[in-house]
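Me: Hi! Could you walk me through this one? I have a few quick questions.
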Amino acid sequence: MTEEQIIYLAMGVFFLFCALTGFIMNRPRTALVGLICLLIVLLVASAYAAIRSLSALQP
């Protein structure tokens with residue numbers, strides 16, 4: 001795994017933990033913020049992977 005993938009994985013786990021903690025403790029605002037941040041991390045990580053795969057195809 002590259003350093004960027006490890007960073008995205010750590011951020012994803014952290015925000016998933018925030019969302020689960022919000023659901024368990026019945027704090028919907030915390031859960032919503034955790035899910036939104038998790039979605040942002042997933043979008044950024046997938047865009048980064050797509051850009052890297054497209055740049056690898058360039059001759």
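Reply: Happy to, and what follows goes through the helices and then the cysteines of this predicted model.

Me: At what angle do helix 1 and helix 2 pack?
Reply: The angle is about 160°, and their axes lie 7 Å apart. Angles over 145 degrees count as roughly antiparallel, so that is what helix 1 and helix 2 are to each other.

Me: Is the crossing of helix 1 and helix 2 left-handed or right-handed?
Reply: Left-handed. On the helix 1 side, the contact includes Tyr8, Phe15 and Phe23, and on the helix 2 side Leu38, Val41 and Tyr48 are among the residues involved.

Me: Which residues of helix 2 are buried?
Reply: Ala31, Gly34, Leu38 and Val41. Part of what covers these buried residues is helix 1 (3-24).

Me: Switching topic: what should helix 2 span, going by its 30 residues?
Reply: Helix 2 covers residues 28-57, so at 1.5 Å a residue it should span 44 Å. Its end C-alpha atoms are 43 Å apart, which agrees.

Me: Now the cysteines. How many disulfides are there?
Reply: The count is 0. A disulfide needs two cysteine sulfur atoms within 2.5 Å.

How values were computed:
Residues numbered from 1 in each chain as written. Predicted model: local features only at pLDDT ≥ 70, side-chain atom pairs only at ≥ 80, totals over all residues. Heavy atoms only, no water. Helix = DSSP H or I, 4+ residues; strand = E, 2+ residues; numbered from the N terminus. Expected span 1.5 Å × (residues − 1). Buried < 20%, exposed > 50% of the residue type's maximum accessible area, 1.4 Å probe, protein only. Contact = heavy atoms within 4.5 Å. Axes fitted to C-alpha atoms, helices over the stretch in contact; angles between N-to-C directions. Parallel < 35°, antiparallel > 145°, perpendicular 65-115°, else oblique. Left-handed = near helix turned anticlockwise from the far one by under 90°.
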